[in-house]
Every structure is written in structure tokens, then in C-alpha cells.
Amino acid sequence: MKEPNYNPEQKEIIEDTSRFLQVIAAAGSGKTSTLVGVVKKELERKTLGEEILVLSFTRKAAGEIRERIHKQTGIETIRVHTFHSFCLRALTTWHPDFKENRPSILMPSEKNAFFREWFRRESDSIGGIPFELLSGDLSLPKDFSQSWKIPLLEDYKEYKSREHKLDLDDLVTLFLDSLESSEPWTEIPKSILKRILVDEFQDTDSEQLRFLKLLSDRSRITVVGDDSQSIYSFRSSDPSIFLNFPDLFSPCSRKFLSTNYRSLPKIVEVSSIPIEKNENRIPKTVLAHRKGSSKIGRLKMDKISDLFSSLGEFYKQSRGDIRILCRSNHRIREYLRAGIPSELLLTIHASKGLEFHTVFVDLSDGWNLRKDSPISVWEEERRVLYVALSRAKDNLVILGKKSLSKRETAEDTFFSYFKKEVPILK
């Protein structure tokens with residue numbers, strides 16, 4: 001297969017031989033092709049495929065990376081996994097008990113069903129708060145009681161025992177505890193893994209950090225990510241791990257992928273507006289590779305039908321490569337009720353990693369923020385907004401309320417960020 005045309009930043013990363021390497025990759029900067037290039041170079045240095053572990057955070061992303069590595073190298077022995085799937089593979093391959101008797105795994109759908117039923121049955125103890133709020137990424141009031149969590153987890157533990165099943169988090173705990181205790185069987189993965197690469201490292205949590213720490217004595221570690229796209233605190237991800245990586249893994253080389261190959265220059269410029277208001281971030285300059293003018297503007301609306309004419313116009317321009325990105329599933333349901341086709345709608349979290357010719361970013365309603373929310377919450381919501389804006393390639397429309405409420409909302413505040421740089425669409 002033809003060698004990709006790497007830019008100087010990518011070449012420098014691919015050639016780097018540091019024990020610990022952190023790559024800060026801006027949106028649309030070709031991080032996956034760079035990661036594949038790192039793997040290919042490692043193979044050229046005579047590292048065996050089975051000595052390389054590539055971790056990604058979703059099965060879809062892991063599958064894409066695996067396919068691209070195979071196309072570039074023709075080698076199938078490289079270990080490309082999600083964090084949970086690697087722990088399962090390690091246990092069933094090397095653990096003396098599990099390699100003979102593979103554990104039964106409780107699927108996420110089963111876990112979700114158990115939690116839903118528990119919340120329905122114990123609705124009084126949780127004050128009638130819907131399951132979607134308790135299990136999702138929405139903030140609860142500061143004074144909301146957390147006492148229900150202990151009996152929930154106890155009942156869940158009993159349920160797993162009764163069903164003779166482990167969930168994905170149990171697999172991680174088993175593997176990490178075994179590593180920490182230096183159980184004899186863990187000498188195998190410790191000795192085999194020579195190079196570990198972690199994609200989307202801004203989404204890592206304390207368990208994944210512990211994993212890398214326990215394997216860092218013998219492995220060279222490279223992490224790739226973008227602190228500006230850390231948007232999974234509701235899944236326990238901790239952006240401070242990415243921000244402080246050089247202190248956690250020393251000596252560390254830090255390199256940047258700063259060329260955005262996705263978006264036209266004005267979209268790159270506007271996307272950075274909310275992120276630059278965050279104090280906890282890695283300063284970076286992102287440069288657009290593409291040339292040309294984008295159509296970008298703010299659109300005020302009182303009701304969803306107010307955007308129908310603009311949506312139709314942009315739909316024709318983009319030949320259907322258009323999405324409206326919303327902060328919540330509840331907001332998507334409002335669009336559906338208004339007659340917007342489902343194929344044009346995505347939550348911002350679901351859009352991560354994707355790109356579209358034209359993007360409408362909904363700042364009119366549905367955002368998870370209050371004026372008294374902690375700074376950390378405000379900063380994460382700005383990162384969510386950045387992810388939404390940076391999905392756009394050619395056109396970007398920012399939707400806000402036409403009639404301001406008596407009390408300024410977070411949506412009003414976010415919409416006001418763009419007053420100077422983004423005109424109102426007529």
C-alpha cells in the first residue's frame with residue numbers, strides 16, 4: 001500500500017524513540033494515520049507484532065485502527081483492543097483459572113436492564129428522579145442524596161453472583177489487582193508488551209492510568225489525544241491525567257499535531273473561541289490546511305420550525321451531508337416532534353470522531369449547565385461545544401434563542417461567545 005504523505009510534525013512523532021511520548025492532536029489533524037505510522041516504524045525496528053498493544057476507547061475505533069494497520073503492514077498479530085477487551089483477552093489467555101474456564105460476561109445491555117428495574121422498584125429512595133438522569137451525563141443538584149448508591153451496588157453485586165457473571169469493570173479490576181500483586185501469570189504480559197499506544201487518552205480514567213503505571217517498567221508508552229475534546233467525565237474520565245502526563249510519566253517527550261485537515265480556516269478559528277476561555281488546558285495553535293471560504297453564521301429562532309428554510313438551503317449545498325448536533329437526547333426528541341428527520345440529528349457525544357460538510361450546533365436549549373455550576377463543569381461544557389463546532393468541514397451554523405429569557409441561561413452565554421466573529425444569518 002502507498003505510504004501516506006506525512007507532514008513534518010507527523011514524521012517527527014513517528015521517528016521519536018522516547019520511552020514516554022505524549023502527542024497532543026488537534027481535531028482533524030490525522031492522528032489515526034500518525035498512530036498507524038508509529039506502529040509501522042516500530043515493526044521496522046524489529047519489534048514483533050504481538051509485542052505491540054494499541055488501546056482505543058470504542059470497538060468501532062479499535063476496528064478502524066486494526067484495519068488501517070493491517071492495510072499498511074499486512075500483519076495481523078498486533079494487539080488492537082479496547083481497554084476492557086484486552087483485560088478479558090489477558091485473563092482468558094494467561095490466567096490459570098480463566099484460560100480453562102472462560103468467565104461469563106454480563107453485557108452492558110443486561111447491566112442497563114438491571115439498573116432500570118432497580119430504579120423503578122426503588123423509586124421512593126431516589127426521589128422519583130428518572131433513570132436517564134441518574135445514569136447519564138446530567139448534573140444533579142448539589143444537595144441531592146447519594147445514599148441510594150450503596151444498596152444499589154450491593155444488590156448489583158448479589159445479582160452478578162447469582163447469575164455467575166462478571167461485568168467489564170470486574171475484568172479490569174481482576175487484571176489490575178493481579179498485576180499489582182505480581183501474581184506469577186502476569187509475568188507473561190509484562191514481558192511480552194514492549195510498546196503500548198493509547199488513542200483518545202484524554203478520555204482515560206484512574207483505572208486506565210493504573211494499568212499504564214503497572215506496565216511502564218518494561219514498556220515504551222505513547223499516548224495520543226486532545227485535552228480540548230475531553231467530554232466523558234460522566235464515565236469517570238479525568239482530563240487532569242492527560243494534562244499532567246509529563247509529571248506522571250517522566251522523562252516525557254511532548255509533541256503536537258497542529259494542522260487541521262478537516263475544516264476551512266474560519267471554522268478552525270471559530271471553534272477555538274469556547275476553548276480559549278478555559279484555564280485548564282494545554283495551549284496550542286491549530287492551523288487549517290484547507291483553503292477557501294466557509295459559510296458561517298448565527299441563526300436565532302423561537303421555535304424549531306424557524307430554521308426550516310435555512311436547513312433546506314444548506315441541505316442542497318451539502319448534498320445531504322449535514323447534521324444538527326444537540327446536547328441531549330431530550331432535545332433531539334423535540335426536533336423529531338417538529339418533523340426533522342432522524343438521519344439529520346445527532347447528540348454531540350455521538351458525533352465525536354465524525355465530520356460533516358455542514359453542521360448546525362444547537363445552543364438554543366438542552367445544555368447541562370447552571371450559573372452556579374462548578375468551574376470544572378463549565379470547562380467540560382465548553383469542550384463539548386468545541387467538539388460540536390469542530391465537526392464542520394465547510395459550513396457552520398450556530399443556533400440560539402431569538403427571545404432571551406428573563407434570566408440569562410448557559411445557552412445564552414455560549415451563544416454570546418460568537419457575537420463579534422460570527423454574523424447573524426438572514
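This is a predicted model: local features need pLDDT of at least 70, side-chain atom pairs count only at pLDDT 80 or more; totals for chains, interfaces and linings use all residues.
Valine 54 has valine 80 in β3 as its bridge partner. Strands β2 and β3 run in the parallel sense and pair over four bridges.

Next comes helix α4, residues 83–94. Helix α4 has twelve residues. From its first C-alpha to its last, α4 reaches 16 Å, close to the 16 Å expected at 1.5 Å a residue. Which residues of α4 are buried? They are Phe83, Phe86, Cys87, Leu88, Ala90, Leu91, Thr92 and Trp94. The cover over these buried residues includes two strands, β2 (52–56) and β3 (79–82). It also includes the helices α8, α9 (187–192) and α10.

Aspartate 177 pairs with arginine 210, with the closest N and O atoms 2.7 Å apart. Aspartate 177 lies in α8 (residues 168–180) and arginine 210 in α10, so this bridge, within the 4 Å limit, links parts of the chain 33 residues apart. Are the two partners buried or exposed? Aspartate 177 is partly exposed, with a relative accessible area of 34%. Arginine 210 is buried, at 19%.

Lysine 31 takes part in two further salt bridges. One is with aspartate 199, at 2.9 Å from N to O. Lysine 31 sits in helix α2 (residues 31–44), while aspartate 199 sits in the loop between β4 (195–198) and α10 (206–215). The two residues are 168 residues apart, and the pair links distant parts of the chain. The other bridge joins lysine 31 to glutamate 200, at 3.2 Å from N to O. Glutamate 200 lies in the loop between β4 and α10, 169 residues from lysine 31.

How accessible are these charged residues? The cut-off for buried is under 20% relative accessible area. Lysine 31 has a relative accessible area of 19%, so it is buried. Aspartate 199 is buried because its relative accessibility is 3%. Glutamate 200, at 18%, also counts as buried. Across the model, the count comes to 37 salt bridges.

Finish with a pair of helices. Helix α13 (residues 265–275) and helix α17 (residues 375–389) pack with their axes 8 Å apart. The angle between them is about 170°. The two helices are therefore roughly antiparallel to each other. Which residues meet where they pack? From α13 come Ile267, Val270, Ser271, Pro274 and Ile275. From α17 come Arg382, Arg383, Leu385, Tyr386 and Leu389.

Terms used: Residues are numbered from 1 along each chain as its sequence is written. Side-chain values use heavy atoms; hydrogens and water are left out. A salt bridge is a side-chain nitrogen of Lys or Arg within 4 Å of a carboxyl oxygen of Asp or Glu. Buried means under 20% relative accessible area, exposed over 50%, partly exposed in between (1.4 Å probe, protein chains only). The expected span of a helix is 1.5 Å times one less than its number of residues. Contact means heavy atoms within 4.5 Å. Two strands pair if DSSP finds at least two bridges between them. Axes are lines fitted to C-alpha atoms, for helices over the stretch in contact, and angles run from 0 to 180 degrees between N-to-C directions. Angles under 35 degrees count as roughly parallel, over 145 as roughly antiparallel, 65 to 115 as roughly perpendicular and the rest as oblique.
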